[in-house]
Amino acid sequence: MTSPATNSQLYDFYAGMRRVRTFEERVGELFVRGHSAGSMLHLSIGEESAAIGVCSAMKPQDTFTTHHRGHGIFLARGAEPARMMAEIGGKEAGYCHGKGGSMHIADMSLGHLGANAIVGGGIPAVVGAGLSAKIKKTGGVSVAFFGDGAMQQGILYESMNMAALWDLPVLFVCINNQYGMGTRIDQATRNTNLHERALAFGLEGRSVDGIDVEVVAEAARELMDQARAGRPGFLAVSCYRFYGHARKDKSPYRDPAEEEAGRLRDPVAHARAQLVSAGVVPEAQLDTLDAEIAAEMDATIDFTVAQSEPPLASMFRDVYAPEEPEPEPLRTRLDRVLARE
Amino acid sequence: MTEMTYRDALRKALYDAMTEDPSVILLGEEVGRYGGAYGVTKDLIKEFGAERVIDTPISEPAIVGAAVGAAMTGLRPVAELMYVDFIGMTMDQLGNQAAKIRYMFGGQIGVPMVLRTQGGTGRSAGAQHSQSLEALVMHTPGLRLAMPATVEDAYHLLRQSLRRPDPVVFIEHKALYTMKADVDLDAEPLPWGKAAVRRHGKDIVIVTYSRQLHYALKAADQLAKRGIEATVIDLRTLNPLDFDTIREHVQAVGRCMVVSEGVLTSGVAAELAARITEECFDYLEDPVVRVAGEDIPISVSATLEAGSVPNANLIENVAGRMVA
Ligand SMILES: Cc1ncc(C[n+]2csc(CCOP(=O)(O)OP(=O)(O)O)c2C)c(N)n1
Ligand SMILES: [Mg+2]
């Protein structure tokens, strides 16, 4: 970033959120230009405060898992956008060499234990990671990020119960964007005070409005501090999914008036307005920052388009550990079988 | 004859069954207002109301378990799993409950439910949304298993599944939804449990099901140009398995290849090859050959994804070498 630094935490949050949003917009562009691997791309536009706010309370020794809408969280933990975009394009240069894609991106060196395409699938791993942190005394906390849809998966409750029972350094973060595909949260559950369920298991539980990233960050800091001390917690961040569930979904099931109102719950615009009105930075400086971010993210597309597909033989790699033999390719086996005749 | 898609045919089967039988209900994620992740249940909620077309929370084990209980108490539930990949989450309800209730309880009651789902590759949907897990179902006594490959069968097999006394797992293929065909749905369908011989030829029998049928037929066309004539058998249901049809044709032709998209090891093709070998050994010129999915997970990269499963060229190549 060449923009002059400020001492403002909000400025940094704004920059982080703007990077997430711009990245997500470029993911949309990658799809439209036909360079994405498939269309199962879930954008976190409207949810940036959850990623930036919560991750601001995380430390290098912390680990985390995400749901399928996890690009922003990964960026907030320090991912390289170009390698992310290449993964989303199914390219060899991507984080997982084109095997994982948008829904299965991961980087162990950043504590990212993996994004997941199974709703709720990544949640119990933080119980195990919390157990590791406790036994190995790493001082780390393990954070599970998931959507409101996962609130109806039984595995969340088994996981919260264990975390509380074993006093684990774990935080459960529900990004409540109001929808699981076409199902609004109040069509999926009677009690939409989501944190109350955590209280029932003996966890610390809070719900916050995601419009204000500083509010999210403050709640996350408190809960992370407690989790680090062995008191696991739960945080629900309320926000609005600005666009469709995945790239091809136009959300016909949503009332246009509701969408319009929902998109006003914009944490990026909110932070920007606060920065300007409080006189922290002149608007022109934010424009410069935005332009720098746009250029950074534009480059991720150029990078991705220029990368090569993974070589065909790489499909047999990493089924098992590298020192183990790879599965025998079907064609090799067939050559042997047919030669014998 | 009317032209319709595989998706339309499935929808029509649900529509007709619900019209005829008020005990048929649908339950699953996004089956109502959204119309199904792949559009199969579009507008059925408008026709039949939210009491019979039930949008559920994202709670797969309870979706299947609720269908079990409903089926035991007089309803005919069609539960939907959005992707067959989620079947593992429901395997207790499906494998320990639905599949065993009739037997454990000494035949007092059956579980006449249908579990509709879809599987297979073709959308760059990655390792957790592209699998072919029919072998898990076939490996569980008590469950029936239907896998339609054609538009007609999408309709008829679903109608027939909804008349069965026992639980039927009905696996669609995600790459077939937009496939179109001219169909006459009033024509008498093949009976439940009967395989269809889709092509007759004297040189080799290709036994397959679901999307691989289309690759096998394409391969057979290519083989015909080289003077090799293939018989192509579409199993339609894997349980019941119409072994009589397989036996008859394999014994007549003397050479057989089994094609499946699921992974090779301990897969459907393995079971079929073993049975064919046991029952037709004296008639076989060559060992039965399996062409199946690689023993690996599916990648999001379209290149690796396509490379992981059989295609028409591979089937043609293998059949050609077997006959040569
Ligand atoms: C176990 C499982 N069930 C269903 C799906 C299909 N599915 C993918 S995302 C989704 C909605 C998830 O909603 P939510 O948890 O709120 O996350 P969001 O998409 O809103 O970020 C559904 C039903 C899935 N991927 N995994
Ligand atoms: Mg949601």
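**Note on the domain contact, chain interface and magnesium site**

1. Between domain 1 of chain B and domain 2 of chain B there are two salt bridges, a salt bridge being a side-chain nitrogen of Lys or Arg within 4 Å of a carboxyl oxygen of Asp or Glu. B:Asp153 forms a salt bridge with B:Arg236, with 2.8 Å between the closest N and O atoms. On the side of domain 1 of chain B that touches domain 2 of chain B, the elements giving two or more residues are helix 6 (134-138), strand 6 (144-146) and helix 7 (151-161) of chain B; helices (H or I, at least four residues) and strands (E, at least two) are DSSP runs, numbered from the N terminus.

2. As to the basis of these values, this is a predicted model, in which local features need pLDDT of at least 70 and side-chain atom pairs count only at pLDDT 80 or more, whereas totals for chains, interfaces and linings use all residues. Residues are numbered from 1 along each chain as its sequence is written, chains are lettered from A and ligands numbered from 1 in the order in which they are written, and side-chain values use heavy atoms, with hydrogens and water left out.

3. The domain assignment of chain B, whose bounds come from an automatic or database domain assignment, gives domain 1 (2-183) and domain 2 (196-323). The C-alpha centres of these two domains of chain B lie 26 Å apart, and the contact (heavy atoms within 4.5 Å) takes 28 residues from domain 1 and 27 residues from domain 2.

4. Between chain B and chain A, about 3700 Å² is buried, with 60% of it on carbon and sulfur atoms; buried area is the accessible area (1.4 Å probe) that two parts lose on being put together, summed over both. In chain B, the residues that lose the most area to chain A are B:Tyr34, B:Ile58 and B:Leu304, together 16% of what that side buries. The rule finds two salt bridges across this interface, and A:Asp335 forms a salt bridge with B:Arg321, the closest N and O atoms being 2.5 Å apart.

5. The magnesium ion (ligand 2) is coordinated by A:Asp148 (OD), A:Asn177 (OD1) and A:Tyr179 (O), at 2.0 to 2.1 Å. A:Asp148 lies in the loop between strand 3 (142-147) and helix 6 (154-165) of chain A, while A:Tyr179 lies in strand 5 (residues 179-180) of chain A, so the pair ties together parts that are 31 residues apart in sequence. Donors are N, O and S atoms within 2.8 Å of the metal (3.2 Å for Na, K and Ca), and water is not among the atoms, so sites may look incomplete.
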